[in-house]
Amino acid sequence: MGITFDKSTQFFHLTTKNTSYLFGIFDNNYLYSPYYGRRLREGTDLKRLWQKYPSGFSPNYEGAPSVDYALDLIPTEYPAYGGGDYRNPAVGVHFEDGSRIIDPKFVSYTITDGNEELKGLPSLSGGDQTLEVLLRDEPSGVEIVLHYVIFEDIDIIARSARIINGTNEAIRVTRALSMSMDLPIADYDMIGLYGTHIRERQIDRSPLRHGIQSVGSRRGTSSHHHNPFISFVSKTTTEEQGDAYGCALIYSGNWIGVAEVDPFGGARVQMGIHPADFSWKLNPGEEFVTPEAVITYTHNGMNRMSQNFHDAFRYHLGHTKNRNKRRPIVVNNWEATYFDFDEEKLLGIIESCKGLGIDTFVLDDGWFGHRDTDNSSLGDWFVHTGKLPNGLTPLIEKCEEQGMTFGLWFEPEMISEDSELYRAHPDWALKKNGRPFCRGRQQLILDLSREDVLEYLQETVGGVLRNNRISYVKWDMNRHFTEAYSEALPPDQQGEVFHRFVLNLYRFMAYLNENFPDLVIEGCSGGGGRFDAGVLYYQPQIWTSDDSDAIERLKIQYGTSMCYPPQAMTAHLSASPNHQMNRVTPYNTRALVAQSASFGYELNPLHLTDEERAQIKTQTDRYREVSDMILKGDFYRLINPFNTNACAWMFVLPDKSKAYAVYVRQLNLPADPVKVLKFQGLDPEAVYHIDELDADFGGDELMYAGVALKHLWDFEATSFTLTKK
Ligand code: GLA
């Protein structure tokens, strides 16, 4: 295993437990990139894979040995514009004289043990080895450093690039992707996670076709609409077997994921910051660092691909103390009260949590400024004395009296026109003075690309956290960007607004983690509109969707699990009929679906019957019992809710001693063909006891023959708790 450079073949060979990633120096200059797949032995010379095509209309680069040598025909590691490769470049630069031509060629490399995190950007840590390859455009002096980190045991490679202005004039970087990879064969399906607000991360699987297929976001955040994850799988790949490539971007702003199928049957796969609406001025000597892309390959199907990402994000992403610990079971008051609350009502709700096994009460939107609906006060992070005349203290004390802690909602990146902040600083909103501007949910976006705005947030949000005993924060972000113009930046840097915003957002998140290390921060953006590895670096869990209906959540959580571990998803049991769907579902189903993630409640405990209170107590006890599996277990998708009338998944502890499975019926079918549930990931030699069936089974029987499913009516669910004997 490890990273090697073979001097005789001139190939870099990045080897993980089960995979090889090879690229080599071609014709002394260019990075030829022929292979990513199952592990190959050291010394394999893949130059033999290069085929000379008839090169009509593919111009030859200067010094090419023959007319067969054209960049248009060579699988290239990090392509640039101008030298006859007509596919999408990975990098673009504008020089002061208007030229955009660069021709990066190999200069040198270094291989070091371990890895260093990227400067100013979230990235993986704890890697085994790092490779850096230096490329230079000799005529100008622009340099590019390609950065690779391998994580051997989990078959993960992290990639990023640095663009260095080695010229003596300012340049503008107009495109700086995190990774580019030329797969020699394009015979794959592309998988993406598309969606909307209240219907996030639905799975789309479509065949690649000639031309460019891309997904991404130009909304300022990673967005509900496409998630920064793409995958390429063979036509026959299933959850359990077949080739699967995955690429995820550790970034929370505008992004793009592209596959370009060329006429010769190859596919160029790329991921990084969306080049539209982006440019970055680099003065001489300065460098631009791209976000990190995380890639993986397996021949064991989509589930293994997902498990590789889950392990990368559970064990190598971020430093929050709470990442792999059970997070509190919360009651959040949003769906219980919306904006309509006062001290008395909240004290009643907190009081009614007594005896339910709840850890934390979270006060949602409406506690600050004079906010009684969504048209005011964002930015005014001081208590709404109309509703809470005695401040937060009585609520905090009430929680503590009952052995609970207190949590609070913020939406730091926003500003309302009706706010003291806006009256004092109208130029702190992202918009162009003198032009009309959009409102989203009646609010504007704070120009967080500005240093003074960052300082204001650190002082005000930090102040509330410092002056009150707050153990939990829900961090929201409820609109997308328009008129992205900063009054603080000069004209030639307006293309930097989106990325500067994200960089300062990360600085702010890091500030809170450093200053309040015990605080659990839950990410949120109108539900799951910023569910990405960038946020997960700082915040261990994210509100998965504003749709809390258990049946809709099956698809949302199943889709989200393609890239993200279930412990990163917040899921709450909410009232029935459900507020988004008006659907009536059994308590047990709502519990089992929400308990498959970071669990909590979104309802008014004052409205519960005694029977329901008893059920909740059982559920919270139960969650404490299974939470180890939710946190540390390997996750298996068993039945797909997108193309069946059911859904099932399971968690297996890595030592296979315990497992927990959930099966949910969507709509009932007469004479239902689904009668058996087959488990995965168990020890075939072992005997497991299933609590719910009070019976023993062989691990082989459970995986290969399965268990009989009892009849379930619409929306009913059942669980299986397995213990190895
Ligand atoms: C967003 C969140 C909700 C709630 C509201 C409050 O929509 O996703 O959970 O916090 O904002 O305004």
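## Ligand site

An N or O atom in the side chain of Asn478 lies 3.1 Å from an oxygen atom of the ligand, a polar contact in the sense of a pair of N or O atoms within 3.5 Å. Within protein, such a contact also requires that one atom be able to donate a hydrogen and the other to accept it, and residues adjacent in sequence count only if both atoms are side-chain atoms. The protein buries 96% of the 310 Å² that the ligand exposes when taken alone; accessible areas come from the Shrake-Rupley method with a 1.4 Å probe, and for residues only the protein chains shown count as cover. The structure is a predicted model, in which local features need pLDDT of at least 70 and side-chain atom pairs count only at pLDDT 80 or more, while totals for chains, interfaces and linings use all residues. Residues are numbered from 1 along each chain as its sequence is written, and side-chain values use heavy atoms, with hydrogens and water left out.

Asp364, Asp365, Arg441, Lys474 and Asp546 come nearest among the 13 residues around the ligand, where a residue is near if one of its heavy atoms lies within 4 Å. The shell consists of six charged, four nonpolar and three polar residues. In this division Asp, Glu, Lys and Arg are charged, Ala, Val, Leu, Ile, Met, Phe, Trp, Tyr, Cys and Pro are nonpolar, and the others, Gly among them, are polar.

Four strands form an open sheet in the order 1-2-3-4, with antiparallel pairing. Strands (E, at least two residues) and helices (H or I, at least four) are DSSP runs numbered from the N terminus, and two strands pair if DSSP finds at least two bridges between them. Strand 1 (2-6) and strand 4 (30-38) are the edge strands, each pairing on one side only. From one strand to the next the twist averages 15 degrees; axes are lines fitted to C-alpha atoms, for helices over the stretch in contact, and angles run from 0 to 180 degrees between N-to-C directions.

Strand 1 runs antiparallel to strand 2 (residues 11-15), joined by five bridges. Phe5 stands opposite Phe12 in strand 2.

Strand 35 (residues 687-690) is joined to strand 38 (residues 717-724) by three bridges, with His689 opposite Thr723. Four bridges join strand 35 to strand 36, and Val687 stands opposite Gly698. The hairpin of strand 35 and strand 36 has four residues between the strands, and in it Asp694 takes a positive phi near 45 degrees.

## Backbone exceptions

Most residues other than glycine have a negative phi, and most peptide bonds are trans. The peptide bond from Ser576 to Pro577 is cis, with omega near 0 degrees; Pro577 lies in the loop between strand 29 (569-574) and helix 10 (587-594). Ser377, although not a glycine, has a positive phi of about 80 degrees and is found in the loop between strand 22 (360-363) and helix 4 (393-401).
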